[in-house]
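Welcome! Have a look at it first, and then read on.

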Amino acid sequence: MAAAAANPARERFIAFLGGWLERQQTFLDRLLRLVDLPSSENKAHQQRHLIEQVLCHYQQYFAEKALTAEEDIFVLFSPPWLSSLERTMLWLAGFKPSLVLRMVDSSVEDLAAEQAREMEVVKGETRRAERELSETMARIQESVAAPPILALARRVGRLMDGEISSLDLAMETLKAAMLGVFESANGLRGSTVRKVVEVLSPEQTVKVLAAVAQFQLGIRRLGLQRDSQQQS
């Protein structure tokens, strides 16, 4: 019983996520109201202010995940707080950066020619970086499946002292490698969002942020509903 509750990093993040998602819904409501307002100087001011608030909101999420990663990187790669559907969309413990680019394509219809060119550059840079990180993660997974580590892992509970030290060392090496990939992926997520915001106008950015929040909250509701139906 004690072992099941002995993950403070996980429990703290679950508590944080509950409040964060409530704030996410509030921000979505504000974004949608702002989209519908007629253009004015006051609307432009509201857009810039709300964009800053939403980006700060996401930064809090990234910071909390980074803190959790330092304590337990493994839980982020198979997070119990996500639904089964959400986990199918997980990429290196978070959203795939190119998802934001797809949201631009689906929600912004008035890109100027120069904006479109700049977005193509961002897409190319992002997809190359995603591919490199995916390849790095694949190499880490291959190292875990290497015969020496696999043999030790299968014999947990029957290991001698020297073998326990070898397994501990292998696990620490794995943790460091996964933490490095996670930090790089988080950096790519953040830099992609910043590049998109730099290319788009405030009005376009509000539309994209609304689309991202709608997608995230919609997928979560659907995923939790499906999980609940399967368990009943």
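**Getting started**

Serine 98 is found in helix H6 (residues 98-107); helices here are DSSP runs of H or I with at least four residues, numbered from the N terminus. The model is predicted, so local features need pLDDT of at least 70 and side-chain atom pairs count only at pLDDT 80 or more, while totals for chains, interfaces and linings use all residues. Residues are numbered from 1 along each chain as its sequence is written, and side-chain values use heavy atoms, with hydrogens and water left out.

**Around serine 98**

- Serine 98 counts as buried, at 7% relative accessibility (buried is under 20% relative accessible area, exposed over 50% and partly exposed in between, with a 1.4 Å probe and protein chains only).
- Leaving aside residues up to four places away in sequence, serine 98 touches Thr126 and Glu130; contact means heavy atoms within 4.5 Å.

**Aromatic rings**

- Rings of Phe, Tyr and Trp (its six-membered ring) pair if their centres lie within 6.5 Å, and planes under 30 degrees apart count as stacked, over 60 as edge-to-face and the rest as tilted.
- The count by this rule is 7 aromatic pairs.
- One aromatic cluster is formed by Phe13, Phe16, Trp20, Tyr58, Tyr61, Phe62, Trp81 and Phe95.
- Over the ring of phenylalanine 95 sits the charged end of arginine 189, 5.8 Å from the ring centre (the rule asks for NZ of Lys or CZ of Arg within 6 Å of the centre and within 35 degrees of the ring normal).

**Helix H10 and its partners**

- Two packed helices are described by the angle between their axes and the distance between the axes.
- Helix H3 (residues 41-71) and helix H10 (residues 202-231) have axes that come within 9 Å and cross at roughly 40°; axes are lines fitted to C-alpha atoms, for helices over the stretch in contact, with angles from 0 to 180 degrees between N-to-C directions.
- Residues of H3 that meet H10 include Ile51, Val54 and Tyr58.
- The axes of H2 and H10 come within 9 Å and cross at roughly 135°.
- Among the residues making this contact are Trp20 of H2 and Leu209 of H10.

Notes:
Helix = DSSP H or I, 4+ residues; strand = E, 2+ residues; numbered from the N terminus.
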